[in-house]
Amino acid sequence: MSKFRPLTAYEEPLRDGYQLLPFRFTRLDDNDYVVTNQAGEFLVIDRSTLSDLVRHELPSTGLAYNDLKSKHVLTDADSSVATELLALKVRTKLRRLADFTSLHLFVVSLRCEHSCPYCQVSRQSDDKLAFDMTPETADKALELVFRSPSPALKIEFQGGEPLLNFPLIRHVVLKAETLNQVAGRDLQFVIATNLALLDDEVLDFCRAHDVLLSTSLDGPPDLHNLNRPRPGGDSYERTVRGIHRARGVLGRDRVSALMTTTQASLPRAREIIDEYIRQGFDGIFLRALSPYGFAIKTKSFTAYDMEKWLGFYFDGLDYILEMNKAGHFFAEHYATTILTKMLTPFDTGYVDLMSPAGIGIAAVVYNYDGNVYASDEGRMLAEMGDTTFRLGNVHNDQYEDIFLSDNLLQPLEESFASSAPMCSDCAFEPWCGADPVFHYATQGDFVGRKPESAFCTRHMAIVRRLITMMRDDENARDIFLRWVNP
Amino acid sequence: MLKLGGTDLEFRNWPADREKLIARVSDQPHRVRPLREGEAYLVKGETPPPGFRCYLAIRSHADLLAGLSDDEMQVVLPDEYDYLADGDVVRLIPGQNRIRVIYRRRSRHNSFLTTERCNNYCLMCSQPPREIDDSWIVDEILETIPLMDPATAEIGLTGGEPTLLGADFFRILKMLAAYLPRTAIHILSNGRQFADPDFAQRYAEVGHSDMMVGIPIYSDVSTVHDYVVQADGAFDETIQGILNLKRLRQRVEVRVVVHKQTYQRLPQLAEFLARNLTFVDHIALMGLEITGFTKPNRRDLWIDPADYQSELYQAATLLAGHRMHVSIYNHQLCLLDPRLMPLAKKSISDWKNEYMPECADCREMNSCGGFFSSAKLRYSDHIKPFL
């Protein structure tokens with residue numbers, strides 16, 4: 001007679017059956033379903049397993065039982081620690097909320113010497129000083145920045161072309177640094193610039209004050225210059241020269257680039273990616289075109305077919321994955337954002353994919369004229385005459401008025417994905433965002449009808465693809481894990 | 001294998017009423033006088049200096065003791081104890097002709113067995129628990145700590161289950177904090193006591209700056225873990241204990257022994273750790289030691305490590321991929337998936353660490369952790385020297 005009891009003795013409590021913890025499921029393909037728990041952990045199971053699970057007929061001796069128990073989809077009398085772990089994981093996912101607004105965008109000028117048809121803002125020609133932010137306005141905005149409780153504050157200068165109002169950038173950086181001597185935050189600066197006007201004065205200043213540069217690179221020369229016209233037609237040459245010059249002074253990882261997708265980009269995903277590799281980047285954000293500003297006015301959005309864009313995106317993603325398999329590390333940043341939600345306990349600060357939405361409470365925009373907007377897209381709507389997302393003005397309103405305004409709280413509350421129609425039942429919701437501005441812009445409603453939402457279509461398609469890739473290809477999962485934990 | 005204790009000593013001139021002596025060993029002939037009174041002098045060559053509490057010599061050097069007077073307490077040790085050196089601490093029990101080497105100053109592998117009692121009864125326990133009153137051990141540890149070199153790099157607390165000592169557990173820790181503030185303290189515990197928030201709080205209040213608790217989790221599923229540790233409810237208490245410790249910002253290591261009952265869900269366990277216990281400080285994936293309960297349970301536990309490399313690789317790379325700090329212990333390099341070799345640590349304590357005849361010409365022997373001495377009973381069929 002052994003002093004040791006067999007495994008079956010420890011499985012006695014399982015005889016009483018199991019309880020389901022809150023979970024959601026969505027069909028993946030003919031055979032498989034995706035099951036997600038409250039914290040965004042997922043499993044792919046077949047239809048009959050899912051059917052057994054919900055009928056409480058899943059045998060406790062099977063592999064699926066332990067997998068579902070381990071992922072906190074079900075719980076049984078043998079263990080009660082699941083609920084505490086789930087609560088911990090949900091808290092971890094949402095922990096950014098407590099920090100409140102960390103990204104503060106300063107639109108220091110609407111002027112620009114480029115004339116890109118897709119430009120998201122109502123660009124002004126570069127001699128109209130009336131569209132520059134004044135030091136008085138900037139000072140008021142800075143007061144609001146430091147009212148945010150966030151331990152990390154990032155101030156991003158954008159435009160127009162912000163370097164056209166560089167004296168103001170200098171003013172804001174110096175003033176913020178002074179304020180921070182008392183405030184003691186983790187303070188960071190970024191200039192979003194086309195680099196065409198980059199000079200030594202700017203670079204020296206950026207180096208001395210640890211300012212990051214973020215630029216636009218749309219692809220190979222002909223595509224970039226087609227997308228981004230400027231006098232002389234030399235946007236690509238100036239950008240690339242600027243990137244390398246800036247890296248030489250600031251450091252390789254202090255300069256990043258964003259691309260914008262246009263109709264002309266669609267057949268050329270691989271060339272665009274190659275251009276990023278050629279310029280020494282280790283990742284790319286294959287962006288969708290947004291429906292705002294000139295993009296709507298010029299109909300370049302409506303002509304835009306989401307299916308076509310997805311074709312472009314998946315072609316690029318496949319190409320990038322091949323490259324990684326061959327040993328070259330290169331990440332796609334949109335996928336990385338979603339994968340971080342899927343594969344790690346943490347969430348990202350990417351505003352478009354937050355729920356509650358990131359508007360105002362993760363990022364806020366101070367326009368050149370002192371108007372405060374819940375997001376950059378909200379500012380663009382205002383440029384088109386719709387001030388729904390205007391939260392106030394730095395000259396007239398207090399911090400409390402701005403961040404407790406109905407123009408912020410109402411879209412936040414209504415769009416919260418966990419309680420939005422269709423989203424609340426969607427297995428992919430833990431990885432999704434609310435984006436009330438997009439839905440308002442396209443459907444006139446903060447929530448929107450999800451089957452008609454390009455945001456929903458795009459996100460669902462990408463998630464399905466990512467899960468399928470990981471299910472069918474062990475290498476893909478390893479590569480994705482490296483993207484989320486570089 | 002180093003012999004750390006035995007009953008084959010010869011005690012000379014010890015008073016009959018002397019039950020036991022815990023003494024620091026010295027080999028310094030010019031040792032300052034006041035310190036000699038508490039120390040055991042290790043006789044190696046020259047005429048032994050006077051004034052030490054007692055004199056030790058290995059059998060080959062026993063004739064050197066002849067120079068001492070008849071009232072000096074002397075001990076003749078078997079030659080196996082020739083590793084004894086200055087600063088070591090020994091326990092001598094004349095009535096049983098017994099010695100125990102409690103502390104070796106030059107070793108990185110010192111540990112105190114704090115109690116033999118345990119509330120788990122693990123299938124593969126290397127130190128089978130006994131339900132006895134062994135509270136004398138605590139007094140001995142408290143007596144030893146002040147004798148140890150403050151520069152000691154690391155000291156382990158093992159059992160049994162050290163936390164079952166309750167108040168005495170904290171007395172030991174506080175003594176360590178007071179005398180060895182720069183020594184890393186590593187405690188092997190099943191973590192269950194820390195499920196009591198007050199107990200965890202008392203631990204956090206010890207105030208030693210470099211303490212870590214190594215806590216085993218054998219499965220992501222409660223039934224399997226409870227079976228391996230032969231205790232209902234252990235999984236929940238262990239997880240709760242880890243959560244409480246980390247809430248108090250204490251350092252925690254998760255230890256997983258890989259054997260026939262645990263290897264299959266190793267990848268799932270890795271994912272469970274990555275998602276639920278991301279904040280633990282270290283994870284050790286460990287090979288089985290064929291000693292203690294593992295011997296009678298060998299049939300249920302032994303699997304050739306060569307046969308679980310796929311699971312081990314998946315688990316280790318997943319944890320490393322999540323940027324968790326993961327190591328592989330107790331595995332011979334020639335058995336490991338070559339991609340795992342950078343994670344392998346030389347983890348086996350020096351006194352029970354050996355190599356097999358196959359290893360004789362292996363060029364990786366110096367970087368390989370080798371075997372537990374007990375591996376002579378059973379080790380992999382796939383040991384192959386790197387030539």
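In chain B of this predicted model, eight strands form an open sheet with mixed pairing, in the order β1-β8-β7-β3-β4-β5-β6-β2. The edge strands of that sheet are β1 (5-6) and β2 (10-12) of chain B, each of which pairs on one side only. Chain A also holds an open sheet of eight strands with mixed pairing, there in the order β10-β9-β8-β7-β6-β13-β14-β15. For the complex, the predictor reports an ipTM of 0.92 and a pTM of 0.93, while chain B has a mean pLDDT of 95, with 100% of its residues at 70 or more.

**Strand pairing in the sheet of chain B**

- Strands β3(B) and β7(B) are paired in the antiparallel sense over four bridges, and within this pairing A23(B) stands opposite V90(B) of β7(B).
- Strand β7(B) also pairs with β8(B), again in the antiparallel sense, here over five bridges, and L92(B) is placed opposite I99(B) of β8(B).
- The hairpin of β7(B) and β8(B) has four residues between its strands, and N97(B) in this hairpin takes a positive phi near 50°.
- Strand β4 (residues 39-42) of chain B and strand β5 (residues 54-58) of chain B run parallel and are joined by three bridges, with L56(B) in β5(B) as the bridge partner of L42(B).
- Helix α2 (residues 136-144) of chain B lies across β3, β7 and β8 of chain B, and its direction runs at about 30° to that of β3(B).

**Domains of chain B**

- The domain assignment divides chain B into domain 1 (5-103) and domain 2 (110-377), and the C-alpha centres of domain 1 of chain B and domain 2 of chain B are 34 Å apart.
- Seven residues from domain 1 of chain B and seven residues from domain 2 of chain B take part in the contact.
- On the side of domain 1 of chain B that touches domain 2 of chain B, the elements giving two or more residues are β3 (21-26), β7 (89-93) and β8 (98-103) of chain B.
- That side of domain 1 of chain B comprises, by class, four nonpolar, one polar and two charged residues.

**The sheet of chain A and the helices on it**

- The edge strands of the sheet in chain A are β10 (255-258) and β15 (390-393), each pairing on one side only, and the twist from one strand to the next averages 25°.
- Strand β13 (residues 363-366) of chain A and strand β14 (residues 371-373) of chain A pair in the antiparallel sense over two bridges, where Y373(A) in β14(A) is the bridge partner of V365(A).
- Helix α10 (residues 235-250) of chain A packs on this sheet, where it touches β9 (211-216) and β10 of chain A, and its direction makes about 165° with that of β9(A).
- Helix α15 (residues 376-383) of chain A lies across β6 (103-107), β13, β14 and β15 of chain A, and runs at about 125° to β14(A).

**Helix packing around α14 of chain A**

- Helix α14 (residues 333-343) of chain A and helix α19 (residues 454-472) of chain A have axes that come within 11 Å and cross at roughly 75°, so α14(A) and α19(A) are roughly perpendicular to each other.
- In this packing, A335(A), I338(A) and L339(A) of α14(A) meet I462(A), V463(A) and L466(A) of α19(A), and the residues of the contact divide into six nonpolar, no polar and no charged.
- The axes of α14(A) and helix α20 (residues 474-484) of chain A come within 9 Å and cross at roughly 100°, and α14(A) and α20(A) are therefore roughly perpendicular to each other.
- The contact with α20(A) involves T336(A), L339(A), T340(A) and L343(A) of α14(A), together with F480(A), L481(A), W483(A) and V484(A) of α20(A), and by class it has six nonpolar, two polar and no charged residues.

**Interface between the chains**

- At the interface, 24 residues of chain B are in contact with 23 residues of chain A.
- Helices α5 (222-229), α6 (234-247), α7 (266-276) and α9 (309-321) of chain B each supply at least two residues of the side of chain B that touches chain A.
- By class, this side of chain B has six nonpolar, 11 polar and seven charged residues.

Technical notes
Residues numbered from 1 in each chain as written. Chains lettered and ligands numbered in written order. Predicted model: local features only at pLDDT ≥ 70, side-chain atom pairs only at ≥ 80, totals over all residues. Domains from an automatic or database assignment. Contact = placed C-beta atoms within 7 Å. Nonpolar A, V, L, I, M, F, W, Y, C, P; charged D, E, K, R; others polar. Pairing = 2+ DSSP bridges. Axes fitted to C-alpha atoms, helices over the stretch in contact; angles between N-to-C directions. pLDDT = per-residue confidence, 0-100. Parallel < 35°, antiparallel > 145°, perpendicular 65-115°, else oblique.
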